[in-house]
Amino acid sequence: MELNDLYRDVILDHNRRPRNFGNLDAADASVEGFNPMCGDHLTLRLKLHDDTISDIRFEGEGCAISTASASLMTEAVKGKSREAALQLFDRVHQLLTDDAAPPAEGLGKLAALSGVREYPARVKCASLCWHTLASALKAADLNSLPAVSTE
Amino acid sequence: MNNIALAETTRIFDVEAARREFPILTRMIHGKPLAYLDNGASAQRAQCVIDAVNDYERHHHANIHRGVHTLSQEATAMYEGARDRVQRFINARSRNEIIFVRGTTEAINLVAQSYARPTLRAGDEVLITHLEHHANIVPWQMVCEQTGARLVVAPMDAQGEVHLEAVVSLMSARTKILACAHVSNALGTVLPVRRIVAAAKARGIITLLDGAQAVSHMPVDVQELGCDFYAFSGHKMYGPTGVGVLYGREQLLDRMPPWQGGGEMILKVTFAKTTYNALPNKFEAGTPNISGGIGLGAAVDFLSGLDRDAAHAHEDALLHHATATLNKIQGLRIVGTAPDKASLVSFVVEGVHPHDLGTILDEDGIAVRTGHHCAMPVMDFFKVPATARASFAFYNTFDEIDRLAAGIERARKLFA
């Protein structure tokens, strides 16, 4: 295990300067995610236009892995359809948890998250935002979204 | 305070000899020697504790109390011998006042459900403080919900200190129970418990002290403290997990109904009526953690055999060294700066989340706790989501603290 593999430059950069960070006015959905083990929490807000994520922003408090993962996620799913975003969720989930995961080809910057797999205690940090997004995208009624917890 | 000053002011504590008693301390983590600075979460086991548990498992195991065969009698003698050791260790008047439980959490829940629940009336108050561990908050919230009593929280100041006056000013005719930490797990603050208990007693308030973080650091004399209940865990005092102690004044324990029903806690059972067993068995339904109790007894022997004044002086020197060393790190803020502290330092580092710091330190073989330390109201008070916490035992060294400081600097550079 190498720390540099966990804290790759892309992760450090997105932690330092998170993209799509802050409030989103007139969001169609707002959902909260908690990691009760460490106290990380984030609020994800998104706009949907004809089933496509036209805008997405997040805010909250978390470690570098959690912040960078959320930042990378917002960049990756903006402009994607619900279905495509959920497929991406599955691939990232596999990347984070499955040692036999296929190479991260086609995942772009998200491939930087693959180092997390070697640190089981940190997988929840990286996956919190993704679970939060999936819960919003899978919900039938965007107006009554339950909070998401990693426990 | 440095090593030399320590030697001049007190008997020298032989750290290397103490370390040799703890086999795990020779472990390498990621190729580096383990620096175990998470003693507040769970302290390590001395060889004599491991041996006592091992000896019991290999040679003496049987169920206790009712068997007439040799093993059962041996196991009973060992388990009950541990109770006697614990009684002497905290200077309880009687062995009947020592209830073995799973840990501090269960001890507090026992008091909340068996003493408080039948006693409290709507409008009564339970007084706690702001720096409590969740284990000394939630059981009281639950019993307040059940009885209509109200939970009142005494404040702490910006240093994380709880002042006697602040607690006393909230005591009234409605206050029925005062429950507070002896030592804060998240901040290290040592509370003025003797004076708090005295003030409560003068007003007829029943008192419980959460001693989970205290017993490993200082001698505890429950008669001198004057409290009605005192709760602590085996594994934070170099004993096994899954065993702990509720000390209760016999007069109160006698009056309390059993908490759980089952074997062991009965004298006679018919379908019409059950007669409960005498203390302490009344509160120990079911087969207990026998090996855990025996291991706890061995931990008591170990601690009793230590020069505790010298061990305490060494821990205090570690605290001072850590405080001075960490304060030199740019952007680091120590959370909890009360004048009277046990040997732990909670801190945050600007630009480095505690969770990331924990991972980076682990890479250097350094074990610290990161998170809210089961004290979320404390985190809210200091407006931090989490802290990193280095908590020291007498087997820790100045060098380990220097390694901690170097690790923090490394993390700062990574995130700069």
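In this predicted model, the buried residues of helix 8 of chain B pack against helix 7 (164–168), strand 7 (175–181), strand 8 (206–210) and helix 9 (222–225) of chain B. The residues in question are B:Val193, B:Ile196, B:Val197 and B:Ala200, within a helix that runs over residues 193–202. Why do they end up on the same side of helix 8 of chain B? They cover an arc of only 95° around the axis, and that is what puts them there. Just past the end of helix 8 of chain B comes B:Gly204, with a positive phi of about 75°.

Spanning residues 290–305, helix 11 has 16 residues and stretches 23 Å from its first C-alpha to its last, close to the 22 Å expected at 1.5 Å a residue. Its buried residues include B:Ile290, B:Ser291, B:Gly292, B:Gly293 and B:Ile294. B:Gly295, B:Leu296, B:Gly297, B:Ala298, B:Ala299 and B:Val300 are buried in helix 11 of chain B as well.

With 416 residues, a compact globule would have a radius of gyration near 22 Å, and chain B agrees, having 22 Å. Of the 416 residues in chain B, 51% are buried. Taking contacts in chain B between residues at least 6 apart in sequence, 72% join residues at least 24 apart.

Turning to the partner chain, 14 residues of chain A are in contact with 13 residues of chain B. On the chain A side of that meeting, the residues split into 10 nonpolar, 2 polar and 2 charged.

For chain B the pLDDT averages 95, with 97% of the residues scoring at least 70. Residues 1–7 of chain B are where the pLDDT is below 50, and this stretch has 7 contacts in the model beyond near neighbours in sequence.

Notes:
Residues numbered from 1 in each chain as written. Chains lettered and ligands numbered in written order. Predicted model: local features only at pLDDT ≥ 70, side-chain atom pairs only at ≥ 80, totals over all residues. Buried ≥ 20, exposed ≤ 12 C-beta atoms within 10 Å, placed from the backbone. Helix = DSSP H or I, 4+ residues; strand = E, 2+ residues; numbered from the N terminus. Arc of directions from axis to C-beta. Contact = placed C-beta atoms within 7 Å. pLDDT = per-residue confidence, 0-100. Rg over C-alpha atoms; globule rule 2.2 N^0.38 Å. Nonpolar A, V, L, I, M, F, W, Y, C, P; charged D, E, K, R; others polar. Expected span 1.5 Å × (residues − 1).
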